[in-house]
Amino acid sequence: MMTRRLLQLFTGLAMYGISLAMFIRAGLGLDPWDVFHQGLAGKTGLSIGAVVVIVSFLVLLLWIPLRQWPGFGTLCNAVLVGVFADVGLALIPEFSHLGGQIGMLAGAVLLNGIASACYIGARFGPGARDGLMTGLARRTGWSVRTSRTGIEIVVLATGWLLGGSVGVGTVVYALAIGPLVQLLLPRFTVPEARPVALPLESGADHEIPAGGGWQVGQK
């Protein structure tokens, strides 16, 4: 079970980074956070992957007053998505015709949905940006929807002012990613380990769970 979780986590994060590169190569607009990343990259001269990593750790600093704690998957997310975004940009060519751009955008949205379901379903902790959203909702009493909308409006507007790409891809992502992840997540969620009942001595009327009833991960 742990092997599957780790494999799913790393595969999901790699695909997420590649999907980011596909959005950029499509040239039709990015999701709000990546509009911000692209805008910062343009102003600083850093690669977009490097910016993704730096912003991830800066966002994790905002978890401290929210009393939110990162998991193993959170830290992997902070590093690997940016690394694979740069790998994807090195491998994927730009498209100059609309048909190729539309195909690349569709592939990016689909891959992003699968990637999100993979790393969330591995149950190693949320990404830095998702944790900021849920932590803010918990500490303020706002709904998750309100917290997410507020955060994404701020980063989208800031990224646009910095020169990030806003377009039809931004709208497509906003409309499609939620339903897509909701559809795929049950297929990729790794079930929690459950205790296995072991019979008592022959003739006994009861059973006891293996390991004294403790589940994997309990202390």
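Is Glu 94 buried or exposed? Glu 94 is exposed, because its relative accessible area is 63%, and exposed here means over 50%, buried means under 20%, and partly exposed is in between, with a 1.4 Å probe and protein chains only.

A word on the basis of these values. The model is predicted, so that local features need pLDDT of at least 70 and side-chain atom pairs count only at pLDDT 80 or more, while totals for chains, interfaces and linings use all residues. Residues are numbered from 1 along each chain as its sequence is written, and side-chain values use heavy atoms, with hydrogens and water left out.

Let us begin with the overall fold. The protein chain contains eight helices and two strands. Both kinds of element are DSSP runs numbered from the N terminus: helices are H or I with at least four residues, and strands are E with at least two. Along the sequence, the order is α-α-α-α-α-α-α-α-β-β. The chain has 219 residues, and 41% of them count as buried. Contact means heavy atoms within 4.5 Å. Among contacts between residues at least 6 apart in sequence, 76% join residues at least 24 apart.

A salt bridge is a side-chain nitrogen of Lys or Arg within 4 Å of a carboxyl oxygen of Asp or Glu. How many salt bridges are there by this rule? The count is two. In one of them, the side chain of Glu 94 meets that of Arg 25, at 3.5 Å from N to O. This pair links distant parts of the chain, since Glu 94 is in the loop between H4 and H5 and Arg 25 is in helix H1, 69 residues apart. Arg 25 counts as buried, because its relative accessibility is 18%.

Another salt bridge joins Arg 148 to Glu 152, with the closest N and O atoms 3.1 Å apart. Both residues lie in helix H7, four residues apart, which is about one turn of the helix. Arg 148 is partly exposed, because its relative accessible area is 34%.

On a 1 Å grid over the protein atoms alone, a pocket is an open set of points where a 1.4 Å probe fits, with protein on both sides within 12 Å along at least five of seven lines, and lining residues have an atom within 4 Å of a point. The largest pocket holds about 1000 Å³ of space, where a volume is the space filled by probe spheres set on the points, and grid points are joined across faces, edges and corners. Its lining has 38 residues, and those closest to its centre are Asp 130, Met 133, Arg 148, Glu 152 and Tyr 173. Which helix gives the most to this lining? H7 does, with eight residues. The lining divides into 20 nonpolar, ten polar and eight charged residues. In this division, Ala, Val, Leu, Ile, Met, Phe, Trp, Tyr, Cys and Pro are nonpolar, Asp, Glu, Lys and Arg are charged, and the others, Gly among them, are polar.

Next, some individual residues. Leu 184 lies in helix H8 and is buried, because its relative accessibility is 13%. Leaving aside residues up to four places away in sequence, Leu 184 touches Gly 113, Ile 114 and Ala 117. The C-alpha atoms of Leu 184 and Ala 115 are 9.7 Å apart, although 69 residues separate them along the chain.

Arg 67, in the loop between H3 and H4, has a phi near 55 degrees, a positive value in a residue other than glycine. Arg 67 is exposed, because its relative accessible area is 59%. Arg 123, in the loop between H5 and H6, has a positive phi near 60 degrees.

Finally, Ala 193 lies in the loop between H8 and strand E1. Thank you for your attention.
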